[in-house]
Amino acid sequence: MEYTNRIETNPAICHGKPVIKGTRIMVTNILGMFEGGYNIDDVLADYPTLTREDVVAALQFATELVNETRVIFA
């Protein structure tokens, strides 16, 4: 699946933060849920308008960012 079909950024929506297309649900909110111990089914229960593909797209988007970012540890 191509995440670019499901993730969008628009300066007029959530200050340009990446969101699930057609919603105001930010990718960072979904990632934070995983950080808090949620799984995909938990995320879908809290955001019933999302699909499994939306959640996977958010994870793919985050993976792409990490793969393209150089992290320097002190």
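Student: Why is Asp54 called buried?

Tutor: Good place to start! This is a predicted model, and in it Asp54 has a relative accessible area of 8%. Buried means under 20%, so Asp54 counts as buried.

Student: What makes the pair Asp54 and Arg6 a salt bridge?

Tutor: Look at the N to O distance between their side chains, which is 2.9 Å. The cut-off is 4 Å, for a nitrogen of Lys or Arg and a carboxyl oxygen of Asp or Glu, so Asp54 and Arg6 qualify. Asp54 sits in helix H3, while Arg6 belongs to the segment before strand E1, and they are 48 residues apart.

Student: Is Arg6 buried, exposed or partly exposed?

Tutor: Its relative accessibility is 27%.

Student: How many salt bridges does the structure hold?

Tutor: There are two. Arg52 and Asp41 also form one, with their closest N and O atoms 2.6 Å apart. Because Arg52 lies in helix H3 and Asp41 in helix H2, this pair ties together parts 11 residues apart in sequence.

Student: How do you know that Arg52 and Asp41 are partly exposed?

Tutor: Arg52 has a relative accessible area of 41%, and Asp41 is at 47%. Exposed needs over 50% and buried needs under 20%, so both residues fall in between.

Conventions
Residues numbered from 1 in each chain as written. Predicted model: local features only at pLDDT ≥ 70, side-chain atom pairs only at ≥ 80, totals over all residues. Heavy atoms only, no water. Helix = DSSP H or I, 4+ residues; strand = E, 2+ residues; numbered from the N terminus. Buried < 20%, exposed > 50% of the residue type's maximum accessible area, 1.4 Å probe, protein only.
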